[in-house]
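Me: I am new to this structure and would like to understand how its chains meet. Please take me through the model step by step.

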Amino acid sequence: MTEVKDISGLCSTCNFAPNCIYRQGREGPIQYCEMFAEIIEQHTGAQGGLIATLEEIQARYGYLHPEALKMVAEKSGRSLVDVYGVATFYRAFSLKPRGKHLVSVCLGTACHVRGGPAIAQELERQLKISAGQTTPDNEFTLETVNCLGACALGPIIVIDGHYFSKVKTSMVADILHRAKTGLDRVEIITDQRIFPIEVGCARCNHSLMDPRHPIDGHPSIRVTVAFDQKHGWLALSGLYGSYNSDSEYDIPSDSEVQFFCPHCHAELIGGANCSECGAPMVPMIVRGGGIVQICSRRGCKGHMLDLSGALIF
Amino acid sequence: MINMKLNGLGVTVEEGMTILEVANFYGFPIPTLCHMEGLSPYGACRLCVVEVGDGPRARLVTSCTSRAEEGMIVRTASNRVMKARMMILELLLASCPQSKIIQDLASKYQVRQQRFRQEHEDCIMCGLCVRMCEEQMMAKAIGFRGRGEKRSLGTPFDIKSEECRLCGGCIYVCPACQLRCTYTDPDKAICGGCANIHPPCYLKDKFDDMMCYMDPCVACEIKRD
């Protein structure tokens, strides 16, 4: 590639970054990351590989650059028309660069009657863009969606995987401010969906959810913990896949903690040990059937969700 | 060989024939817009509906995409079929009132009213041009983009495609814009300017548009006002 086009912003991982391993010894912006080719190669062969390829490029770069589509077409032996048709068909794909934070406002029926359009208008007013656009400083992209599947919590806004429920127009400024200063980013990987769960004590079946202490915009899971002769409360994020927590005492990382139910004071302990570090697992009952187990070692992300008896999922 | 009943007539046909082919073979006319020999059946225009089955279980199917089956009872011009066909024509006419082909069909099938707002679209999404481009011209230069209301036809990114050889095949088969290109007679031309003739008409002052099937076209000048 001798021709150097201005494609600044194409690769958010490496464009102009001095330490990018893919840029070494290259002048000017690179046409595309070698990672493209990697992604494409991973998915070739299978019939349905196209959407998976595009999804991965979209996840990594935030949007589908025309050059990326051409590359995909070329490498996978499809015609550009087909690739372009798929890319424009699904709303998950964007052909325009998106901002750092993706704000989705639900305008489904339930959210609509609960005042979703007013929230959308307020967001449009504050961000000074209309739905589907990106702010000039590339901070926010605003989009409307038709249903997020959490109608009872409406109106709902989702920013970078964080759900904000029962939003009022007065809360919008605060939410945007929080998003800008950095919500702990919840990694969204297509297969591991982030969703809120409600859990109860495995012994007394009393709900452990604490709506007065929301984490990630959801009621937290409140338990009592004991370690180093200290005894206090611990609030865990109610979003499955989010590791945010809050506690009375700082729990030193890598220490094993005993979990107790705040209602029946029984220790939450099962027979299982963490598959990643060997510490005992803490079982909790998921509302609707099933068991979630989390590792009792601070900092270990070992967890297991068993919904084999599930009714609602 | 398959035995079936076509408009009350017992017929014997070869296996694998579509109902449309059978009806044409036995001389029962079925109107079509999106069907063309040499292109794969698509079933987009719905004009070729026929009634299959008997009594309350009879259903309307597109004859271009359904194969003849043993013991099938087909009616190509029953009341129900004619009613459906007229409605489809009325709808097509509303989306593309300027198309000569659709006008002719509408008049032939006694569509005497227009109850829908005229949209003056330049496309009925029949996909003939896409199939022509892919199957006969082996180019795959144009295709469908987007979905729902925003579904449209054209090249990726709306720029001239590297695959397109400007063969004009898509204009040739299009039922909505067939009369746009008047070829060598630029005075009467209502196309957006064709690149097939020399000098290409898009270079002349009169035609500074791109090819009409790629861009808003002049036959739809009505739309542009």
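Me: Which side chains meet in a salt bridge, and at what N to O distance?

Reply: This is a predicted model, in which local features need pLDDT of at least 70, side-chain atom pairs count only at pLDDT 80 or more, and totals for chains, interfaces and linings use all residues. Residues are numbered from 1 along each chain as its sequence is written, chains are lettered from A and ligands numbered from 1 in the order written, and side-chain values use heavy atoms, without hydrogens and water. A salt bridge is a side-chain nitrogen of Lys or Arg within 4 Å of a carboxyl oxygen of Asp or Glu. By that rule, the side chains that meet are those of B:Lys140 and A:Asp82, with an N to O distance of 2.4 Å.

Me: How many salt bridges does the rule find across the interface of chain B and chain A?

Reply: The rule was applied across the interface of chain B and chain A. The number found there is one.

Me: What area is buried between chain B and chain A?

Reply: Buried area is the accessible area (1.4 Å probe) that two parts lose on being put together, summed over both. Carbon and sulfur atoms give 68% of the area between chain B and chain A. The total is about 1,100 Å².

Me: Which residues in chain B lose the most area to chain A?

Reply: Three residues together account for 57% of what the chain B side buries. They are B:Lys140, B:Arg147 and B:Phe157.

Me: What pLDDT does chain B average?

Reply: The pLDDT is the predictor's confidence in each residue, from 0 to 100. In chain B, 77% of the residues score at least 70. The average for chain B is 79.
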